Amino acid sequence: MSGVAETIPSLAASAVSNVAWFAPLLAATVAFFQYGVKDSAPESMNKAEPLYPEYDFIVVGAGSAGAVVANRLSEIENWKILLLEAGGDETDISDVPVLAAYLQLSGLDWSYKTEPSSTSCLAMEHNRCNWPRGKVVGGSSVLNYMLYVRGNRNDYNHWESLGNPGWGAAEALYYFKKSEDNRNQYLAETPYHNSGGYLTVQEAPWHTPLAEAFVRGGEELGYENRDINGEYQTGFMVAQGTVRNGARCSTSKAFLQPVKTRPNLHISLHSHVTKVLIDPKNRMAIGVEFVKNHQRHVIRARKEVILSGGAVNSPQILMLSGIGPKDHLTDMGIKTIQDLKVGYNLQDHVGLGGFTFLINQPISLVQDRLESVQSVLNYAMMGNGPLTVMGGVEGLAFVNTKYANETEDWPDIELHFISGSTSSDGGNQIRKAHGLREDFYDEVYGPINNKDVWSAIPMLLRPRSRGRIKLRSRNPLDYPRIQPEYFSDHHDMLTLIEGVKIILELSKTRSFRQYESRFHNIPFPNCTHIPMYTDAYYECMIRHYSVTIYHPVGTCKMGPETDSEAVVDPRLRVHGIGNLRVIDASIMPTIVSGNTNAPVIMIGEKGSDMIKQDWRKYIYRYR
């Protein structure tokens, strides 16, 4: 599959084809009112001034980490910063929280797919899972479901125990709070949160009655209703997210819009970086090569090149630059400059999709209710109503299976509660976003199209399985091979099956029985020979409707020099290569126990401070 060479429909065309009259009406209404829900109409990040031939720092990727890094480094007025992004600007539609799934497979998405599998993604076209990644300023913070989850304190203490000083829970909390502008007062006043940062965090302003049922149902199961980003993680909570006045608060909006006029910060969109330039004599990064407007450009870096392309793109760029596993680079015809385990250690959060329960009242997020003039006006004028729900996710929970040690407060399953399901848009877009085969969808979900339902995704928090990113060829426009190797460690499957059982128990609580909640029991094709409500049947479901929660990490592992699998050191510098760092999700040694966007922003904050500390003798003026 080719990258920039492919013609991908524009977001507007994609959205219009999927939601007919609704998307253009919504965009026009929002643009007309520009009130409350919007900070302002989206403004282009492209600047008219020509690029310099040389900068102090070149940041590759304007996503969840790169936007943070560019902001923080440009605080030093004497430093010249260049931020390169392969994609373009955000849009009015990408701001609307409930339409998150409609952004996938659009012009804002790299539209990656995993390699075919015989053990997972079996209900998907050609047994390949879709892997959406943001190709837009703001990166995957523009495509994601906006959920603000930090992970567990044990995750970060574990990183530190692996030989990464400074990455423990206390320091991580400092950097989480540095970014945060929490607008829910009951949280902002606690020791675990902050207000006044760049990144707005709050609950959606509108909820269905099912959100309360979810939290109350959790209490019936013995879990507390608590701040899952606070002192303890185990429990149920109405979801918090990176939203501002009812609209998405991407890292572009949070970190770049306020500072884009800084004279020392240049932002170049539609700039696809193809390699890092390495001086072979002194083994130092000296610049980057990129393609823009079908032309090759080379720009030098006086101090450092920082890769913030994410867990797919950063290892791809490193390997194209001669930094990676020697045997693989040799196979690709690339001269090895530094032999490192780039692309290994791939981890992702996987779960069971489409686990659906029917209810007896018209209270869920059904498309024909969303596509109403009243919903559009509520959103555009007041920043309220059902369009503000974060991709349909209203609640989050962290629960313990029989494999977890409950005394540690380190749960092993996260529940994403959705006031709808795969069928809630009549097979329009969610089916396509998940890559489901049409025949599978029609048989299982066709009979309940647009009916009132709820669903929950059990997500495996700490998978033991490890995958890999490989080059497809030495052509930088060819998409890499993504091999997640889901369930290669059977313990992952055993744990996830227990997560499915917890959701079934939740569905039987009084809170859900009031809506006559009942499991949608049309069996999955190819699972009909297995008795329903057995571990074997749940396993069959999971292997067919395997969903990524869009959290790939680990492919440029952080670790000390003594760690043979490490790609970067604890200060995020690439081992054996000077003036080159990686600051993004790929540096995680092990995946965090929760959604990854907030931790990646934290990594961007901490990595920026490390750069300032390492170059502090060159700082003449700091503000």
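The structure is a predicted model, in which local features need pLDDT of at least 70 and side-chain atom pairs count only at pLDDT 80 or more, while totals for chains, interfaces and linings use all residues. Residues are numbered from 1 along each chain as its sequence is written, and side-chain values use heavy atoms, with hydrogens and water left out.

**Overall build**

- The protein chain contains 19 helices and 26 strands; these are DSSP runs numbered from the N terminus, with helices being H or I of at least four residues and strands E of at least two.
- For 623 residues, a compact globule would have a radius of gyration near 25 Å, and the 23 Å of the protein chain agrees with that. This radius is taken over C-alpha atoms, and the globule rule is 2.2 Å times the number of residues to the power 0.38.
- Along the principal axes, the C-alpha atoms fill a box of roughly 70 × 55 × 50 Å.
- Take the contacts between residues at least 6 apart in sequence: 74% of them join residues at least 24 apart. A contact here means heavy atoms within 4.5 Å.

**Surface and charge**

- Of the 623 residues, 65% count as buried. Buried means under 20% relative accessible area, exposed means over 50%, and partly exposed lies in between, using a 1.4 Å probe and protein chains only.
- The protein chain exposes about 21,900 Å², and carbon and sulfur atoms supply 50% of this area. Accessible areas come from the Shrake-Rupley method with a 1.4 Å probe, and for residues only the protein chains shown count as cover.
- There are 61 positive and 67 negative side chains, with the centres of the two sets 6 Å apart. Lys and Arg count as positive and Asp and Glu as negative, whereas His and the chain ends are not counted; each charge is placed at NZ of Lys, CZ of Arg, CG of Asp or CD of Glu.

**Cysteines**

- A search of the whole structure turns up 2 disulfides, each defined as a pair of cysteine sulfur atoms within 2.5 Å.
- Cys 121 is buried at 2% relative accessibility, and Cys 129 is buried with a relative accessible area of 2%.
- Another disulfide links Cys 527 to Cys 540, with an S to S distance of 2.0 Å. Cys 527 sits in the loop between β24 (518–519) and α18 (535–544) and Cys 540 in helix α18, so the pair ties together parts that are 13 residues apart in sequence.
- The link of Cys 527 and Cys 540 is left-handed, with -85° about the S-S bond, and both cysteines are buried.
- In sequence order, the bonded cysteines pair as 1-2, 3-4.
- Cys 249 is buried at 2% relative accessibility, and Cys 556 is buried at 0%.

**Helix α13 and Phe 398**

- Within helix α13 (residues 373–382), the buried residues include Ser 375, Val 376 and Tyr 379. Gly 383 follows α13 and has a positive phi, near 65°.
- Phe 398 belongs to strand β19 (residues 393–399) and is buried, with a relative accessible area of 0%.
- Leaving aside residues up to four places away in sequence, Phe 398 touches several residues, among them Val 149, Tyr 223, Ile 413, Leu 461 and Ser 593.
- Ile 334 and Phe 398 are 64 residues apart in sequence and 44 Å apart in space, C-alpha to C-alpha.
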